[in-house]
Amino acid sequence: MKIKVQMSMVLNLDKCIGCHTCSIPCKNVWTTREGAEYMWFNNVETKPGIGYPREWENQSKHKGGWVMDGGQLRLTAGGRLQKVARVFHNPDLPVIDDYYEPWDYDYASLITAPHKNHQPSIRPKSQLTGEPMQIKWGPNWDDDLAGVCETGARDVNFSGLDHAIYLSFKQVFMFYLPRLCEHCLNPACVASCPSGAMYKRDEDGIVLVDQERCRGWRYCVSGCPYKKVYFNWRTHRSEKCIFCYPRLEAGLTTLCAHSCVGRIRYVGVVLYDADRIHEAASATPDKDVYPAHLDLFLDPSDPETIAAAANQRIPEHVMAAARRSPIYTLAKTWQLALPLHPEFRTLPMVWYIPPLSPVEALAGNEDIRTAVDNLRIPVKYLANLLTAGNEEPVRLALKRLAAVRAYMRSVRVEKKPDDTIAASVGLDTATLLKMYDLLAIAKLEDRFVVPTATHLDKNPLHTIKGCAGFPDYR
Ligand code: SF4
Ligand code: SF4
């Protein structure tokens, strides 16, 4: 057993309000430079929709991630020979119009315009060419279902469903999907890079691009099935989300998580067995990848894991953080959080709690075990997004979320706590109350359990609380 530590995130889609606040500090801090204008390391998409870049989920078009081929795990885009053949033209790459042509406005002309009868206006100007341009697509083009009647048919998550029915006015549904690099355990971007510039950090699993070694081949861009590596047209290097590692090393959480208005994000470490990555990524059929992935996670309270971790010199404060990890609790213990498109086989480490809303069906007397199938968002759609089409894990997570709501309703509204609710979803009331605490009212120190880099602070208490050597500004 080879124990590795992975920084991970869980996002509770039940609470995302689509405000895009998370994207803004990320943009302001990491991608305001020339050549990076079109990059959004964190973006928020509306589902149904085809997202940013367009149709990133459609691997028959973009050929990202891994596939099982004759019992072997291989990159969808092919190996070294295929790369050499495409060295001058890689047809799998998204083009700038799939992201969007970044633009700005000449704001100065508003102030300097001469006095006229009409209010002055300014035209959009391309940030690539400096020329006036017509805006035809943007990173949030299908925000709040805008244009979904045209683009919805291309949303791959409607597989097995009649999209026309669900996009009709009376039955339409939507929810938000914030996205960032998944810092995968089996990253296709790293495996696709011919220069060895992409790498996964040993100490916390964050995936980075060595700017000195990158030669701008862009195979990482096409290899990533989540399309979360971007090519900087000015420096001719690839760039990506760095999981705010300078902040994490100081015990702080990422900018997107810290700024999240809906408090939907959780950040923490997960211990996993690196010896079994290949086995998990090779699980067949596709729906078996999620349980195999979950099986890699190690219980940080298990004496065998603790002894092995001590042997492998994993610092005690990291183990303490792993024991308090909200990620382990939400993904493994309660099985509320699920991976995004596990069928891409990269073993992503940003997981999602499926959205339950709208909640009307749960407010009546309907049994919560059946109510989840009557929610507006089809379980099948969520399963296509999160569990390679397997509806059972999604149904279990939704039932448990519904049980928390139903129990708290019995306490707060009906004033008659109903202890039968927990048993109906295979839990006890104490666990439902813990779920309520973590999902609804958790404080910063419970949502973000980030161990500092060991060289900064040897005091485990500081590291667990989060702010080694820095004033506690919370
Ligand atoms: S999501 Fe991130 S780590 Fe995973 S393949 Fe894409 S760029 Fe690499
Ligand atoms: S800040 Fe939070 S609530 Fe707002 S869009 Fe981002 S993830 Fe959703």
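This is a predicted model: local features need pLDDT of at least 70, side-chain atom pairs count only at pLDDT 80 or more; totals for chains, interfaces and linings use all residues.
How does the shell around ligand 2 divide by class into nonpolar, polar and charged residues? By class, that shell holds nine nonpolar, four polar and one charged residues, where Ala, Val, Leu, Ile, Met, Phe, Trp, Tyr, Cys and Pro count as nonpolar, Asp, Glu, Lys and Arg as charged, and the others, Gly among them, as polar. Of the 14 residues around ligand 2, the nearest are Cys16, Cys19, His20, Cys22 and Cys260, a residue being near if one of its heavy atoms lies within 4 Å.

Residues are numbered from 1 along each chain as written, chains are lettered from A and ligands numbered from 1 in the order written, and side-chain values use heavy atoms, without hydrogens or water.

Let me turn to salt bridges, meaning a side-chain nitrogen of Lys or Arg within 4 Å of a carboxyl oxygen of Asp or Glu. The count comes to 24, and one of them joins Asp14 to Arg405, with the closest N and O atoms 2.6 Å apart. This pair links distant parts of the chain, 391 residues apart, since Asp14 sits in the loop between β1 (3-12) and α1 (23-30) and Arg405 in helix α20; helices (H or I, at least four residues) and strands (E, at least two) are DSSP runs numbered from the N terminus.

Finally, α20 (residues 391-412) also meets helix α19 (residues 379-386), and the two pack at an angle of about 110° with their axes 8 Å apart, the axes being lines fitted to C-alpha atoms over the stretch in contact and the angles running from 0 to 180 degrees between N-to-C directions. That makes α19 roughly perpendicular to α20, a term for angles of 65 to 115 degrees, with under 35 roughly parallel, over 145 roughly antiparallel and the rest oblique.
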